[in-house]
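Here are my notes for you, written as numbered points. Keep the model open while you read and look up each place as it comes.

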Amino acid sequence: MPPLAARLHAPLLLLAPAVPSASFPRPGTRLCAASGPRGGVGRSRRGALASEKPPAVAVAEKAGGEGPYDAIVIGSGIGGLVAATQLAAKGARVLVLEKYLIPGGSSGYYRRDGFTFDVGSSVMFGFSDKGNLNLITQALEAVGRKMEVLPDPSTVHFHLPGDLSVLVHRKYEDFINELISKFPHEKEGILKFYDTCWKIFNSLNSLELKSLEEPLYLFGQFFQKPLECLTLAYYLPQNAGDIARKLIKDQELLSFIDAECFIVSTVNALQTPMINASMVLCDRHFGGINYPVGGVGGIAISLADGLVEKGSEIRYKANVTKVILENGKAVGVRLSNGKEFFAKTVISNATRWDTFGKLLKEKKLPEEEKNFQKNYVKAPSFLSIHMGVKASVLPAGTDCHHFVLEDNWNNLEKSYGSIFLSIPTVLDPSLAPEGHHILHVFTTAGIEDWEGLSRKEYEEKKEAVANEIIRRLEKKLFPGLQDSIVLKEVGSPKTHRRFLARNDGTYGPMPRGKPKGLMAMPFNTTSIDGLYCVGDSCFPGQGVIAVAFSGIMCAHRVAADIGLEQKSPVLDAGLLGLLRWFRTLA
């Protein structure tokens with residue numbers, strides 16, 4: 001299962017054979033509200049994505065060379081689109097180059113036989129109307145967009161070893177009371193741990209979030225909010241598991257907190273930075289989980305539409321194969337067809353492994369990237385199952401999101417050990433034909449399990465693994481699930497690698513050992529002048545809020561570097577040197 005913080009995004013754009021272009025809406029479409037009452041089974045539906053204007057966003061790349069732009073963004077994942085739209089809103093001329101047919105990457109969608117599937121997770125953070133961590137709302141507003149959302153009454157229902165069942169309610173008091181009822185002897189420790197999360201979250205939520213690499217912003221925030229800044233600095237090198245183990249002794253409860261962190265970061269609590277954990281474990285109650293009407297894919301479409309209306313561009317079927325350097329500075333990119341584009345700056349929304357291993361493969365790996373790869377490895381990929389099922393198989397009152405680990409806590413981080421399940425039609429029935437639901441299943445899987453197979457062996461393995469996952473869900477949650485399936489598509493790590501252009505299908509970096517919180521995570525600038533990175537392999541890491549934050553930070557830093565924001569060159573050089581020195585310590 002993808003971490004709730006979305007990667008909260010998570011796997012695949014296509015699941016088996018290539019989807020005909022007619023299966024996708026034209027770029028420039030917007031989401032429409034579902035007709036009829038919300039929730040329930042088998043409500044009347046209107047097309048989840050309906051075209052409302054010509055495809056202004058769709059610009060096919062042509063032969064030749066163009067530019068210069070203020071910035072070129074490689075890839076249209078949420079991090080890249082947020083960076084692009086923030087820059088466009090500041091007056092920059094931006095070009096986004098997307099390899100695929102539609103924007104969004106792991107936050108895209110596809111259609112099959114009347115079902116509209118989210119490519120990745122359906123658990124959406126950052127959509128509230130309050131605070132400073134509602135970063136998706138802010139990103140949309142920056143380009144004049146707003147989306148209708150459906151509040152989810154819960155975040156996830158845990159089904160864990162020993163028949164431990166915990167529902168994470170939207171209302172914090174309901175969740176904390178339920179957890180205490182399961183572990184009454186640990187009431188004090190539970191309250192202290194989650195209170196610490198709130199302390200960190202409230203500090204973050206009080207600040208205007210911009211680039212931590214821009215000294216004028218940092219000094220301004222420190223003078224305005226010194227206690228909040230010092231709080232964050234104190235917890236920056238700490239991990240959630242260390243803090244939990246100081247406050248809690250019950251091993252089963254600590255294992256539950258490991259599971260809480262696993263769906264955030266795909267690692268246990270000892271490897272999850274406390275700041276990341278706090279962002280998600282509190283925002284699910286503060287702003288809540290809110291599902292965009294019509295599906296997650298509408299986020300990227302709305303951002304792309306807004307980008308174009310601000311005078312910038314996004315081009316599809318534009319496969320970037322090289323970052324062009326002149327005198328050591330990034331000045332443009334080259335596509336697979338030989339076409340070149342030039343800009344003052346280049347922003348890569350690819351993973352750092354893809355950026356420095358493929359787009360800059362002729363250049364010696366910079367020391368900063370060697371340090372990154374020393375501290376982080378590629379997290380595993382996922383096996384994904386998208387299913388359309390008869391609505392009758394789901395009991396009344398079924399929750400939208402489930403996490404299943406049946407028998408052994410030791411299987412939490414193993415391939416196929418745990419299962420994350422989303423049923424977005426519980427919230428928005430317009431995504432499926434009347435009388436049906438969507439089940440979207442994830443489980444971790446390494447690409448090494450899928451290499452070296454013949455096509456026949458590969459298809460047989462996908463079917464066998466998927467059927468075993470379905471059998472487990474049938475036994476734990478939904479008797480008769482197998483017989484209720486009317487549509488099933490399975491994606492392996494190889495699928496994710498192919499369609500999302502992710503190195504080995506990975507969904508971001510994972511600490512090689514026990515990290516010092518977030519200290520080792522690289523920021524947006526790189527050691528190559530004019531080249532920036534954005535997304536889940538940059539600070540603050542994985543998750544919808546995290547990658548959106550990365551995009552906002554990147555846009556602020558780039559805007560300062562190209563003269564759209566105020567900066568201090570002397571302070572700037574000193575701060576960047578200090579940040580890089582800190583990362584070497586980590």
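**Notes on the fold, strand by strand and pair by pair**

1. Let's start with the contacts (heavy atoms within 4.5 Å). Among those between residues at least 6 apart in sequence, 75% join residues at least 24 apart. Before going on, note that this is a predicted model, in which local features need pLDDT of at least 70 and side-chain atom pairs count only at pLDDT 80 or more, while totals for chains, interfaces and linings use all residues. Numbering runs from 1 along each chain as its sequence is written, and side-chain values use heavy atoms, with hydrogens and water left out.

2. Now the overall inventory. The protein has 17 helices and 23 strands (DSSP runs numbered from the N terminus: H or I with at least four residues for helices, E with at least two for strands). Of its 586 residues, 63% count as buried; buried means under 20% relative accessible area, exposed over 50%, and partly exposed in between, with a 1.4 Å probe and protein chains only. The accessible surface comes to about 20700 Å², and 53% of that belongs to carbon and sulfur atoms (Shrake-Rupley method, 1.4 Å probe; for residues, only the protein chains shown count as cover).

3. Have a look at strand E20, residues 436-445. Why call this strand largely enclosed by the rest of the structure? Because nine of its 10 residues are buried. E20 pairs with strand E17 (residues 381-390) in the antiparallel sense over 10 bridges; two strands pair if DSSP finds at least two bridges between them. In that pairing, histidine 386 stands opposite histidine 440 of E20. Strand E19 (residues 419-422) also runs antiparallel to E20, joined by three bridges, and there phenylalanine 420 has phenylalanine 442 as its bridge partner.

4. On to charges. Side chains of opposite charge can pair when their charged atoms come close. The whole structure holds 24 salt bridges (a side-chain nitrogen of Lys or Arg within 4 Å of a carboxyl oxygen of Asp or Glu). One of them links glutamate 489 to arginine 112, with the closest N and O atoms 2.6 Å apart. Glutamate 489 sits in strand E21 (residues 485-491) and arginine 112 in strand E6 (residues 109-112), so this pair ties together parts that are 377 residues apart in sequence. Glutamate 489 is buried at 10% relative accessible area, and arginine 112 is buried at 12%.

5. Glutamate 367 counts as exposed at 51% relative accessibility, while lysine 370 is partly exposed at 34%.

6. Arginine 472 also forms a salt bridge, with glutamate 406, at 2.7 Å between the closest N and O atoms. Arginine 472 is in helix H13 (residues 455-476) and glutamate 406 in the loop between strand E18 (401-404) and E19, so parts 66 residues apart in sequence are tied together. Both residues are buried. Elsewhere, salt bridges link Arg93, Glu313 and Arg315 in a network.

7. Last stop, the surface. Which residues form a nonpolar patch there? They are Phe219, Phe222, Phe223, Leu227 and Leu230, with about 580 Å² of accessible area together. Helices H5 (215-224) and H6 (226-235) are the elements giving two or more residues to the patch, and H5 gives the largest share, three residues. Leucine 230 belongs to H6 and is partly exposed, at 47% relative accessible area. Patches take residues with over 30% relative accessible area and no salt bridge, joining nonpolar side chains (Val, Leu, Ile, Met, Phe, Trp, Tyr) within 5 Å and like charges within 9 Å.
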